[in-house]
Amino acid sequence: MRDVVLLLGMQGAGKGTVGRWLASRDASVTHLSAGALLRQHVREGGPNSAEIVAQIDRGDPVPSAISYGFLAERVQAIDKSHSLVLDGYPRDRSQLDLLVAALGTDPALIIHLLIPRPIAIERLRNRDTCEDCDATFGREIPPRSTGECDHCGGVLSRRKDDTEATIGRRLDGWAHHGPRLLASLDAIAPRVEVDATRDIETVVSEVAAARSERPN
Ligand SMILES: [Zn+2]
């Protein structure tokens, strides 16, 4: 059975960055980000790209049929021995069944990255995203060279949904759906709460420890 870890938490908690670091530290881990998969599809000019771009730019959720279709497709192509670390899935309780169907298994561990809303807002206001590989940079993790991605050399820019108008709406979405989603997941897998206000290396080490310390 495939080992699946879900990274959950408010936007700005660092889900994508933590997932990326976990995968970079362990070659048997594949990180899949809902937002990154959608943006990659758009960059490659896939079907319905214009519609998807409009929804992302407005800060609206992309229809589940599209996002879980991408996920199922990607999961099929990944070596079965790889552990998966997912961020951005599921968005709410209604997507749980879609997630399990796309993965072909239940998630084995839930990592909840906790940050207060004011810190999330501050991070989202100041973050830039690589246009090629979707890595994010900000005050806490500045790029080595201004405007250029450390990982692939791509151009860094402000995402259109990281604006004042949409940040509040996206955070409200998590505040509304998050608690019920976590409660539903508690029936499926153990959950570890991680203080995500600390530096990225500390957070990643704690998440990695939670993964390896699970009882089999
Ligand atoms: Zn990049």
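1. Helices (H or I, at least four residues) and strands (E, at least two) are DSSP runs, numbered from the N terminus. With that in hand, strand S1 (residues 4-9) runs parallel to S4, and five bridges join them. In this pair, Val 5 sits opposite Leu 109 of S4.

2. Before going on, a word about what you're looking at. This is a predicted model, where local features need pLDDT of at least 70, side-chain atom pairs count only at pLDDT 80 or more, and totals for chains, interfaces and linings use all residues. Residues are numbered from 1 along each chain as its sequence is written.

3. How confident is the predictor? pLDDT is its confidence in each residue, from 0 to 100. The chain has a mean pLDDT of 92, with 99% of its residues at 70 or more. Among the elements, strand S4 (residues 109-114) has the highest mean, 98, while helix H3 (residues 49-58) has the lowest, 87.

4. Back to S4, which also pairs with strand S8 (residues 191-195): five bridges again, in the parallel sense. Look for Leu 114, which stands opposite Asp 195 in S8.

5. Now find the open sheet made of three strands, in the order S6-S5-S7, with antiparallel pairing. Its edge strands, S6 (136-137) and S7 (156-157), each pair on one side only. Strand S5 (residues 128-130) is joined to S7 by two bridges, and Cys 130 stands opposite Leu 156 in S7.

Key:
pLDDT = per-residue confidence, 0-100. Pairing = 2+ DSSP bridges.
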